[in-house]
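Open the model in your viewer and keep the sequence beside it. This tour tells you what to select at each stop.

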Amino acid sequence: MKILIGNDHAGTELKFEIMKHLEDEGYEVKNFGTDTTDRVDYPKVGEKVAEALVAGEGDLAVLICGTGVGITLAANKVPGIRAGVCSDTTTAHLIREHNHANIIGIGARIVGPELAKDIVDSYLNAEPMGGRHQERVDMITAIEKKYSR
(Lines give C-alpha, C1' and ligand atoms only; values in the text may rest on other atoms or scores of the structure.)
Protein backbone atom coordinates (compact mmCIF):
# COMPACT_ATOMS: atom_id res chain seq x y z
CA MET A 1 0.00 0.00 0.00
CA LYS A 2 1.26 3.47 -0.89
CA ILE A 3 0.72 6.26 1.63
CA LEU A 4 1.03 9.92 0.66
CA ILE A 5 2.17 12.27 3.40
CA GLY A 6 2.21 16.04 3.54
CA ASN A 7 2.99 18.66 6.15
CA ASP A 8 3.65 22.29 6.81
CA HIS A 9 6.54 23.63 8.89
CA ALA A 10 4.80 22.77 12.18
CA GLY A 11 4.56 19.11 11.20
CA THR A 12 8.06 18.43 9.88
CA GLU A 13 9.46 16.57 12.88
CA LEU A 14 6.32 14.47 13.35
CA LYS A 15 6.21 13.74 9.61
CA PHE A 16 9.68 12.17 9.74
CA GLU A 17 8.68 10.00 12.72
CA ILE A 18 5.52 8.81 10.99
CA MET A 19 7.34 8.19 7.69
CA LYS A 20 9.93 6.02 9.42
CA HIS A 21 7.21 4.14 11.27
CA LEU A 22 5.26 3.50 8.07
CA GLU A 23 8.35 2.39 6.17
CA ASP A 24 9.29 0.07 9.06
CA GLU A 25 5.80 -1.42 8.75
CA GLY A 26 6.35 -2.09 5.04
CA TYR A 27 4.38 0.77 3.52
CA GLU A 28 5.64 2.74 0.55
CA VAL A 29 5.57 6.44 1.45
CA LYS A 30 5.59 9.44 -0.89
CA ASN A 31 6.54 12.74 0.73
CA PHE A 32 4.75 15.90 -0.42
CA GLY A 33 5.61 18.03 2.59
CA THR A 34 8.39 20.33 3.57
CA ASP A 35 11.52 18.86 5.11
CA THR A 36 12.41 22.05 6.99
CA THR A 37 10.84 24.29 9.61
CA ASP A 38 10.78 27.24 7.20
CA ARG A 39 7.27 28.64 6.80
CA VAL A 40 5.06 26.75 4.35
CA ASP A 41 1.38 27.47 3.65
CA TYR A 42 -0.62 24.40 4.68
CA PRO A 43 -3.45 24.94 2.13
CA LYS A 44 -1.02 24.40 -0.73
CA VAL A 45 0.26 21.13 0.75
CA GLY A 46 -3.24 19.87 1.58
CA GLU A 47 -4.38 20.56 -1.97
CA LYS A 48 -1.30 18.96 -3.53
CA VAL A 49 -1.68 15.73 -1.54
CA ALA A 50 -5.43 15.57 -2.17
CA GLU A 51 -4.97 16.05 -5.92
CA ALA A 52 -2.30 13.34 -6.00
CA LEU A 53 -4.54 10.95 -4.09
CA VAL A 54 -7.49 11.53 -6.41
CA ALA A 55 -5.14 11.05 -9.39
CA GLY A 56 -4.24 7.58 -8.05
CA GLU A 57 -0.69 8.31 -6.90
CA GLY A 58 -1.41 6.64 -3.57
CA ASP A 59 -3.98 4.61 -1.67
CA LEU A 60 -4.44 6.77 1.45
CA ALA A 61 -2.84 9.89 2.90
CA VAL A 62 -1.67 11.48 6.13
CA LEU A 63 -1.60 15.28 6.55
CA ILE A 64 0.11 17.10 9.41
CA CYS A 65 0.04 20.73 10.49
CA GLY A 66 -0.08 22.41 13.88
CA THR A 67 -3.63 21.31 14.70
CA GLY A 68 -4.33 19.09 11.69
CA VAL A 69 -7.40 21.20 10.97
CA GLY A 70 -6.22 23.73 8.37
CA ILE A 71 -4.44 21.27 6.11
CA THR A 72 -7.41 18.89 6.31
CA LEU A 73 -9.89 21.66 5.47
CA ALA A 74 -7.86 22.47 2.36
CA ALA A 75 -7.74 18.82 1.29
CA ASN A 76 -11.51 18.48 1.66
CA LYS A 77 -12.03 21.12 -1.04
CA VAL A 78 -10.76 18.65 -3.65
CA PRO A 79 -13.64 16.54 -5.02
CA GLY A 80 -13.34 12.91 -4.01
CA ILE A 81 -11.58 13.59 -0.73
CA ARG A 82 -12.99 12.63 2.64
CA ALA A 83 -10.49 13.85 5.24
CA GLY A 84 -10.86 13.99 8.99
CA VAL A 85 -8.70 15.20 11.84
CA CYS A 86 -7.97 12.66 14.56
CA SER A 87 -6.46 13.03 18.01
CA ASP A 88 -7.32 9.54 19.23
CA THR A 89 -7.24 5.99 17.90
CA THR A 90 -10.98 5.32 18.14
CA THR A 91 -11.87 8.24 15.89
CA ALA A 92 -9.10 7.26 13.47
CA HIS A 93 -10.52 3.75 13.18
CA LEU A 94 -14.11 4.92 12.83
CA ILE A 95 -13.51 7.59 10.19
CA ARG A 96 -12.07 4.87 7.96
CA GLU A 97 -14.79 2.31 8.77
CA HIS A 98 -17.85 4.56 8.82
CA ASN A 99 -16.90 7.58 6.72
CA HIS A 100 -14.49 5.90 4.29
CA ALA A 101 -11.98 8.69 4.93
CA ASN A 102 -9.12 8.59 2.46
CA ILE A 103 -7.03 11.16 4.36
CA ILE A 104 -6.30 11.50 8.05
CA GLY A 105 -5.16 14.78 9.57
CA ILE A 106 -2.99 14.99 12.66
CA GLY A 107 -2.02 17.99 14.77
CA ALA A 108 1.69 18.05 15.57
CA ARG A 109 1.01 20.53 18.38
CA ILE A 110 -1.84 18.39 19.72
CA VAL A 111 -0.55 14.81 19.90
CA GLY A 112 2.87 13.38 20.58
CA PRO A 113 4.76 11.08 18.22
CA GLU A 114 3.84 7.77 19.87
CA LEU A 115 0.13 8.56 19.92
CA ALA A 116 0.38 9.86 16.34
CA LYS A 117 1.85 6.52 15.21
CA ASP A 118 -0.94 4.66 17.04
CA ILE A 119 -3.52 6.91 15.38
CA VAL A 120 -2.07 6.21 11.92
CA ASP A 121 -1.97 2.46 12.64
CA SER A 122 -5.58 2.46 13.80
CA TYR A 123 -6.63 4.32 10.66
CA LEU A 124 -4.68 2.08 8.28
CA ASN A 125 -5.83 -1.14 9.96
CA ALA A 126 -9.51 -0.26 9.54
CA GLU A 127 -11.54 -1.17 6.46
CA PRO A 128 -14.50 0.78 5.05
CA MET A 129 -17.81 -0.79 6.00
CA GLY A 130 -20.77 -1.11 3.68
CA GLY A 131 -24.46 -1.04 4.47
CA ARG A 132 -25.77 2.09 6.15
CA HIS A 133 -22.24 3.54 6.20
CA GLN A 134 -21.92 3.26 2.42
CA GLU A 135 -25.34 4.83 2.03
CA ARG A 136 -24.19 7.82 4.09
CA VAL A 137 -20.91 8.13 2.17
CA ASP A 138 -23.00 8.12 -1.02
CA MET A 139 -25.05 10.98 0.45
CA ILE A 140 -21.85 12.94 1.13
CA THR A 141 -20.72 12.32 -2.46
CA ALA A 142 -24.10 13.54 -3.75
CA ILE A 143 -23.71 16.79 -1.77
CA GLU A 144 -20.19 17.21 -3.19
CA LYS A 145 -21.45 16.73 -6.76
CA LYS A 146 -24.34 19.13 -6.21
CA TYR A 147 -21.95 21.98 -5.36
CA SER A 148 -19.01 21.19 -7.62
CA ARG A 149 -20.57 22.22 -10.92
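**Stop 1: the sheet**

Start with the five strands: they form an open sheet in the order β2-β1-β3-β5-β4, with parallel pairing. Its edge strands are β2 (28–31) and β4 (83–85), and each of them pairs on one side only. On average, neighbouring strands of this sheet are turned by 25° against each other, direction ignored. Angles here run from 0 to 180 degrees between N-to-C directions, and axes are lines fitted to C-alpha atoms, for helices over the stretch in contact. Strands count as paired if DSSP finds at least two bridges between them. Helices (H or I, at least four residues) and strands (E, at least two) are DSSP runs, numbered from the N terminus.

Before moving on, note that this is a predicted model: local features need pLDDT of at least 70, side-chain atom pairs count only at pLDDT 80 or more, and totals for chains, interfaces and linings use all residues. Residues are numbered from 1 along each chain as its sequence is written, and side-chain values use heavy atoms, with hydrogens and water left out.

**Stop 2: strand β5**

Select residues 103–107, strand β5, which runs parallel to β4 and is joined to β4 by three bridges. Pick Ala83 next: its bridge partner in β5 is Ile103. Helix α2 (residues 42–54) packs on the sheet and touches β1 (2–7), β3 (60–65) and β5. The direction of α2 makes about 165° with that of β1. Helix α5 (residues 113–124) also packs on the sheet, touching β1, β3 and β5. The direction of α5 makes about 165° with that of β5. Contact means heavy atoms within 4.5 Å.

Now look at the pairing with β3. β3 and β5 pair in the parallel sense over five bridges. Val62 has Ile104 as its bridge partner in β5.

How many of the residues of β5 are buried? Five of its five, so the strand is mostly covered, where buried means under 20% relative accessible area, exposed over 50%, and partly exposed in between (1.4 Å probe, protein chains only). In a regular strand the side chains alternate between the two faces of the sheet. Colour Ile103, Gly105 and Gly107 for one side of β5, and Ile104 and Ile106 for the other; all are buried.

**Stop 3**

Select Ala108, in the loop between β5 and α5. Ala108 counts as partly exposed because its relative accessibility is 23%. Show its contacts: leaving out residues up to four places away in sequence, Ala108 touches Ala10, Gly11, Leu14, Ile64, Cys65 and Gly66. Draw a distance to Asp8: Ala108 and Asp8 are 100 residues apart in sequence and 9.9 Å apart in space, C-alpha to C-alpha.

Stay in that loop and pick Val111. Is Val111 buried or exposed? At 8% relative accessibility, Val111 counts as buried. With residues up to four places away in sequence not counted, Val111 touches Ser87, Ile106, Ala116 and Ile119.

**Stop 4**

Go to α5. This helix has twelve residues and reaches 16 Å from its first C-alpha to its last, close to the 16 Å expected at 1.5 Å a residue. The expected span is 1.5 Å times one less than the number of residues. Its buried residues include Ala116, Ile119, Val120 and Leu124. The buried residues of α5 pack against β1, α1 (12–24), β3, α4 (89–97) and β5.

Next, select α1. Its 13 residues should span 18 Å at 1.5 Å a residue, and its end C-alpha atoms are 18 Å apart, which agrees. Among its buried residues are Leu14, Ile18, Met19 and Leu22. The buried residues of α1 pack against β1, β2, β3, β5 and α5. α1 is followed by Gly26, whose phi is positive, near 95°.

**Stop 5: the whole protein**

Zoom out. The protein has six helices and five strands. Along the sequence they follow the pattern β-α-β-α-β-α-β-α-β-α-α. The C-alpha trace spans about 40 × 30 × 25 Å along its principal axes. Of the 149 residues, 46% count as buried.
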